[in-house]
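Please open the model in your viewer and keep the selection tool at hand. The stops below proceed from aromatic rings to a sheet.

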Amino acid sequence: MTQFSIVVPTLNESENIDLLLTRLFKLDYSPDVFEVIFVDDGSNDGTPEKIRTWQNHANIHLVERQEKPDLTASILAGVAIANSNVIVVMDADLSHPTERLSAVVTPVINGDYDVAIGSRYISGGSTENWPLHRRILSRAGSWLARPLCDVNDATSGFFAFRRELAKTISSNAQGYKFLLELLMANQGKLRVTEIPIRFRDRTHGTSKLSFSHQRSYLQRLMTLAGGTVSLNTASRFAVVGLFGVVIDAFVFQWMISREAGLALAHFISFFIAATVNYSLNSKWAFREHHAGYLQWHQFGRFLTVGAFALLLRGGVLALLVYVWHIPPLLAIFPAIVATAVVNYLGSAFYVFPGEKNLPSPDIRWRIAAIGIVLFILLLRLVYFGLAQLIPDETYYWQYAQHMDLSFYDHPPMVAWLIWLGTAILGHNEFGVRIGALLCGLVSMGYLYALAQNLYDKSSAMRAVLLLAILPLGFASGLLMTPDAPLVAAWAATLYYMERALVAGQRTAWFGMGLAFGLGLLSKYTLGLLGIAALVFVIIDPTARRWLKRPHPYLAATLACVLFSPVIIWNLQNDWASFAFQSTRLLDDGYDFAVHNLILYITILLTPAGLLATALALLSRNSQDENLFQHRRRLFVQVSTGVPLLIFLTLSTFDLPKFHWTGPVWLAVLPTIAWMIGQKNHLSTMAKHLQAAWRPTIVTCIFSYAFVLHYVVLGIPGIPYHLFTEHYFWRETAQQIEQITQDVRNKTGQEPIVVGMSKWSVASALYFYNHQQSNLDIRSRNLFGDSGAMYDYWLPSQQPTNRPIIQVGMQPINLDKIRKGDQIKQMLNQPGDIEYSVIERYGTPVRRVYYRVSQGFKGVGLPGM
């Protein structure tokens, strides 16, 4: 009885037939166990004749196809005449090792797996004698397919499968990657294993792989992912797009010539071109997927994609004009081209998606996750060097100018990252923020690994999507504050915690100690995760065994060694940082603020995220829950609940900061991501939450892109001064430089500029004046109030007759300090409080308040 059939597609392989069959018949199989079915695609080198010379063997068959050569069609033709229920596919060129045939086919014959793949890209597999470009192309093809099918070598040509699975292959299937078609047609239903093989390049004949095969593979891959992608739609889209470029550029240049302004010209030209493009795309480029009349849901999707492309294009345009100094009339062309891909992919996958043979919802979520995360990363990349620094970032830049083992109000990691970034990229927004961008990538990587360990690959991809679009993740991946390395370290610590406490891996304790130590160097808040780990160990009987082993104590020792710079700095400075952190909560007295905390959490998570978090944390133990699922749920609840409980307790008597709980939610994101993909036994609340995520994602992305475009280029019709009191410090510094120069000219003395806030005003002026370095800038600690690190860098000023220029964001900042002292009493001949309107490219953006005095009497002197 034939146990398996080997299907061998051929095209001009006459030199390899004898060698292949000789090797097959040398294997430890009797001839009646297997059959070899050659399917020839029109060879002209005598391949069919060579096969016929072997047909005295009853188990060798030949099928000669007359149609256009196609590997998928050839395999299906061979399957159609097979006499067994197990099919093996392999190439005729001897690149697939016949000695591994048994290892590949046995798992399917035994019924353990539905598909067994001879893999080059797992441990033990390799590729020999291939040129570099072939290796790169093969790796890239497998890597591109991995989001769709959970195998390492989806482009392998050596695999075994159950015969009935061939019936699920789409009638539209074509190309040379039959395995990919097989996996995608049965997504989530197959038991798949990969067997390592050593792939060798052919020694006879020539490869049939061409550029057209690669293009067809990419096209088919995108079609399987749910996109309307074909050579016809792409070419028609290109023609429409070219017409749109002409309209776009013409209107833009006409408006620029009328001095309309960069933002207004770019908005109007885009909207006119986009309207024309939609009409042509819906009726021509994607006409097969359009109903022939206006569909509001489709038009709404078009507007969504268009808005994203518009707001991204504004960043590209600003980068070209303001950073690279390309004239606007030329910059508009690369800006249009740079965002055309957003429009095309958005149209192909979202506006006009394929309606036949749509992939499963799970695959659609995966594709959405990839597209959205890439867009978010692109948005960050375009804007992170364009948007001016917020005062917090300039303060931490000041850290990097006064490098030390630690600092009064924060550990040193943020300073170290800024120092490294500015050493490479310079003292600009790019240099300051590159660390945040990299920390964001680290956070995504560790969260993906954590979610995959807790649930599955699809949940992991959705977890990264949530991190990218929720405010808690987007801000930490863009702004260079201590939260950027904290979130990265928190995600890393969670990953190693799960590996150590749930999976029981001893080596994970080293990673946990390393991540925990680096996290403490970022922000003391990470210590809450250490408390959560201890609580889990106490509650969970399996994890409790670690208390009797050395690994946790060695991990704690490693964390302490890494944290030692902070300890040394505090030892040298009378434990100032520890004292500040331990007393800051009680400085302002009692203030019940649980409601504020809930509001802040709602903003960080969005309302949908808050409800999903509550549902995840309050879920109960089900009867069919196994031990791993129980421990997984406990891990998530403890890792999230313990830090949250501490913050809730603190908020009963003190007002928390807006961002404090941000990293706490990393532990629950994998569970929320898993809940999004569930289909069965859903409560009404869970169904509503699943539906709410789509508008939530769109709203979040639009909000980020809108705000970034607003602060860089502006939004036509929306004035700046509504909420920019803490922003536009570059222009403010230029105005203060002018005021200082006027005072310098009048008095003949060098004024002292005092930023009337704890550190934000002074730091922002410092950063945007550091290239000129013509201002003597101090913080409000000059008047005896707290200035955080300015108390160390620039202690209180002695009495002086030099002019004093106070600078503040509000008039009240210039008259009083926290101690309640009247500042006027410390000044000689204080002038009236004045303000200056700050303009950016001729548009008013904010006010800055200042007062000029003729000297400083000092702090706490008699007669004051």
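Predicted model: local features only at pLDDT ≥ 70, side-chain atom pairs only at ≥ 80, totals over all residues.

Which residues form one aromatic cluster together with Tyr 399 and Phe 407? Select Tyr 395, Tyr 396, Trp 759, Tyr 766, Tyr 790 and Trp 793, which complete that cluster.

Residues are numbered from 1 along each chain as its sequence is written, and side-chain values use heavy atoms, with hydrogens and water left out.

**Aromatic pairs**

Rings of Phe, Tyr and Trp (its six-membered ring) pair if their centres lie within 6.5 Å; planes under 30 degrees apart count as stacked, over 60 as edge-to-face and the rest as tilted. Display Tyr 399 with Phe 407: their ring centres are 4.0 Å apart and their planes meet at 10°, so the pair is stacked. Tyr 399 is buried at a relative accessible area of 0%, and Phe 407 is likewise buried at 0% (buried: under 20%; exposed: over 50%; partly exposed: in between; 1.4 Å probe, protein chains only).

Next, select Trp 569 and Tyr 792, a tilted pair with 5.8 Å from centre to centre and 50° between the planes. Trp 569 belongs to helix 22 (residues 551-572) and Tyr 792 to helix 30 (residues 790-793), so the pair ties together parts that are 223 residues apart in sequence. Helices (H or I, at least four residues) and strands (E, at least two) are DSSP runs, numbered from the N terminus. Trp 569 is buried, with a relative accessible area of 2%, whereas Tyr 792 is partly exposed at 34%.

**Charges over rings**

Move to Arg 847, whose charged end sits over the ring of Tyr 835, 4.1 Å from its centre. The criterion requires NZ of Lys or CZ of Arg within 6 Å of the ring centre and within 35 degrees of the ring normal. Arg 846 places its charged end over the ring of Trp 729, 4.4 Å from the ring centre.

Finally, show the 5 strands that form an open sheet of mixed pairing, in the order 11-10-12-15-14; two strands pair if DSSP finds at least two bridges between them. Strand 11 (776-779) and strand 14 (834-840) are at the edges, each with a single partner strand, so one side of each has no neighbour in the sheet. Strand 14 pairs with strand 15 (residues 843-853) in the antiparallel sense over 7 bridges. Select Arg 840 to find its bridge partner in strand 15, Thr 843.
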